[in-house]
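Open the structure in your viewer and keep the sequence beside it. Each stop below tells you what to select and what to look for there.

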Amino acid sequence: MHIPDSFIPLSQAIIYWIIALPFIFMAIRWAGKEMDDTKVPILAALAAGIFAIQALNIPIGMGTSGHMVGATLVAIIFASPWAGVLVLTLVLLVQGFVFADGGITTMGANILNMGVISGFVGYYTFSALMKSRLSLQISSFVGAWLGLLVSALVCAVQMYLAGTFPLVPGLAAMGTYHFIIGLIGEGLITAVAITAIASSRPDLLENKSLARGVKA
């Protein structure tokens, strides 16, 4: 899902940057209000972990690959999708400028997909399911899985609009692989991590009431 520079025309890449920048600004503003000395190490540890899991790429074809994202996990821990946007922006900046993983001109699209779409869809799906009285495990699993899947499908549409590959094969490839990655990777890891934190270290969660959502 790390779109390289050559995959999207510059005119389209600029549009994605324009869409992503207000979200980045709001994420920085959120950090200025909500982050303190006790939360920064947690956020840094999550960023490092996400950097590591995103290194596990599965080739999909047509020059693309699939991997986990981690935005929903961060959003749940900090009780805000802005946290997911912030962490993914930082991770993508390091990956793009230091390790040449993902393009610079297309970074706006990458941040939009992995930070904004995955984080917001995942977090608000999780919140809706928790309000429906589903367990913490199921809510976090489904939220993370859906956030990843939707962001992958949006990425496929972007590739189609860019003329990089056809729509139906792109949706089929990105959707199928990320459906599976979401089940055995993103969803499972998020559910296990959130459940473990809520059980043993609820103080690390911004929303302390999540500890009551743990079911054996």
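Predicted model: local features only at pLDDT ≥ 70, side-chain atom pairs only at ≥ 80, totals over all residues.

Leaving aside residues up to four places away in sequence, T106 touches I3, P4, D5 and I8. Show those residues together with T106. The position is in the loop between α4 (81–98) and α5 (107–131). Is T106 buried or exposed? Its relative accessibility is 0%, below the 20% cut-off, so T106 counts as buried.

The crossing of the two helices is right-handed. To see where α2 and α4 touch, select L43, A47, I50 and F51 in α2, then L86, V87, L88, L90, V91, V94 and Q95 in α4. Sorted by class, this contact has ten nonpolar residues, one polar residue and no charged ones.

Now select S151, in helix α6. With a relative accessible area of 0%, S151 is buried. Which backbone oxygen lies 2.7 Å from a polar atom of the S151 side chain? The oxygen belongs to L148.

Finish at P166, in the loop between α6 (136–161) and α7 (167–200). P166 has a relative accessible area of 47% and is therefore partly exposed. Select G49 as well and draw a line between the two C-alpha atoms: P166 and G49 are 117 residues apart along the chain, and these atoms are separated by 33 Å.

Conventions: Residues numbered from 1 in each chain as written. Heavy atoms only, no water. Helix = DSSP H or I, 4+ residues; strand = E, 2+ residues; numbered from the N terminus. Buried < 20%, exposed > 50% of the residue type's maximum accessible area, 1.4 Å probe, protein only. Contact = heavy atoms within 4.5 Å. Polar contact = N/O pair within 3.5 Å; in protein donor to acceptor, adjacent residues only side chain to side chain. Left-handed = near helix turned anticlockwise from the far one by under 90°. Nonpolar A, V, L, I, M, F, W, Y, C, P; charged D, E, K, R; others polar.
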